[in-house]
Amino acid sequence: MSYVRWEHRPQLRRPYLVAAFEGWNDAGEAASTAVRHLTEEWGAERFATLDPEDFYDFTVARPHVRLEGGFTRRIDWPTPTFTAARLPGSVHDVVLLSAIEPSLQWRTYCEDVLEVAAALGVERVFTLGALLADVPHTRPVRVSGTATDGHLIDELGFTRSRYEGPTGIVGVLHDAFATIGIPGASLWAATPHYLSQTPSPKAALALVEKVAQLLGTSVDTTALQIATTAYERQVDEMLAGEDDVVDYVRRLEEDAVDDADDDADEIEIPHPDALAAEVERFLRDQGR
């Protein structure tokens with residue numbers, strides 16, 4: 001049984017699929033923000049959804065209630081949504097998948113995503129993710145690319161994924177695409193672990209720019225640039241009175257310059273959980 005709900009089937013030129021999932025793979029909401037930005041700026045139009053009924057635990061991914069016209073109540077379900085757009089200056093069009101990471105039936109979920117990709121002739125898949133890392137918010141965001149397809153690794157200059165351990169829907173989806181011969185790669189942005197609860201437009205901006213480069217096109221990033229400037233200013237203000245965190249950020253900046261510092265092991269670095277709790281407390285106190 002297919003859970004794909006087609007609204008229409010767009011005619012696309014050698015499309016690439018770009019997907020991001022809220023949840024485990026989305027530190028700082030960077031990946032999901034990046035796909036939403038691409039959808040808006042490229043004017044992507046919805047053409048299909050997946051029925052969420054059998055994929056989500058609605059006590060976890062809760063539907064939202066909204067009012068239309070101030071009177072009519074509507075329920076918005078956590079529905080995976082496919083959109084498509086023509087890309088200026090590129091020989092490829094794009095299909096964008098925006099969704100919350102599913103809770104149930106991952107194999108069936110991937111089969112439905114593959115159904116959409118096969119019907120449209122998708123040639124490559126790029127998934128976006130973000131992870132918490134020992135990086136300072138003051139430095140450019142590091143975006144790493146991994147893949148398992150040898151030709152794609154050579155062409156894009158990515159590294160071969162050697163990760164072993166628990167995985168999210170991103171890893172399962174790439175495995176599914178590999179079984180039908182569609183190559184894929186993952187882009188991962190590193191976000192500061194001491195700001196684990198803070199959305200990062202800076203990381204989203206880095207992902208958007210990398211996707212546009214890979215697809216051979218352009219995208220307006222003005223909104224994300226403005227948000228990034230505000231983010232950096234607010235974080236600096238937030239940390240100004242937190243000496244422990246400021247010292248830790250300074251040490252991260254030094255480590256980024258010289259990872260081979262022989263004295264690094266002698267520096268007493270506060271535990272990340274304590275730092276995150278301190279930052280979250282300060283945010284609450286400031287009403288942000």
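Student: Which residues are linked with R66 in a network of salt bridges?

Tutor: In this predicted model, R66, E68, R74 and D76 are linked in a network of salt bridges. The general idea is that side chains of opposite charge can pair when their charged atoms come close.

Student: How many salt bridges does the count come to?

Tutor: The count comes to twelve salt bridges. One of them is formed by the side chains of R46 and E7, at 2.8 Å from N to O. This pair links distant parts of the chain, since R46 is in strand β3 (residues 45-50), while E7 is in the loop between β1 (4-6) and β2 (16-22), 39 residues apart. R46 has a relative accessibility of 46% and counts as partly exposed, and E7, with a relative accessible area of 42%, is partly exposed as well.

Student: What parts does the pair of E123 and R14 tie together?

Tutor: The side chains of E123 and R14 meet in a salt bridge of 3.0 Å, again taken from N to O. E123 lies in the loop between α2 (106-120) and β8 (124-133), whereas R14 lies in the loop between β1 and β2, so the pair ties together parts that are 109 residues apart in sequence. E123 is partly exposed at 31% relative accessibility, and R14 is partly exposed with a relative accessible area of 45%.

Student: Let us turn to helices. At roughly what angle do the axes of α2 and α4 cross?

Tutor: Two packed helices are described by the angle between their axes and the distance between the axes. Here the axes of α2 and helix α4 (residues 169-179) come within 10 Å and cross at roughly 55°, which makes α2 oblique to α4. The crossing in which α2 passes α4 is right-handed.

Student: Which residues in α2 and α4 meet?

Tutor: From α2 come W106, Y109, C110, V113, L114 and A117, and they meet I169, V172, L173, A176 and F177 in α4. Sorted by class, the contact of α2 with α4 has eleven nonpolar residues, with no polar and no charged ones.

Student: Now for accessibility: is T49 buried or exposed?

Tutor: T49 lies in strand β3, and its relative accessible area is 11%, so T49 is buried, because buried means under 20%. Leaving aside residues up to four places away in sequence, T49 touches Y3, V4, R5, E7, T79, P80, T81 and F82. Among these contacts of T49 is E7, the residue whose side chain meets that of R46 in a salt bridge.

Terms used. Residues numbered from 1 in each chain as written. Predicted model: local features only at pLDDT ≥ 70, side-chain atom pairs only at ≥ 80, totals over all residues. Heavy atoms only, no water. Salt bridge = Lys/Arg side-chain N within 4 Å of Asp/Glu carboxyl O. Helix = DSSP H or I, 4+ residues; strand = E, 2+ residues; numbered from the N terminus. Buried < 20%, exposed > 50% of the residue type's maximum accessible area, 1.4 Å probe, protein only. Axes fitted to C-alpha atoms, helices over the stretch in contact; angles between N-to-C directions. Parallel < 35°, antiparallel > 145°, perpendicular 65-115°, else oblique. Left-handed = near helix turned anticlockwise from the far one by under 90°. Contact = heavy atoms within 4.5 Å. Nonpolar A, V, L, I, M, F, W, Y, C, P; charged D, E, K, R; others polar.
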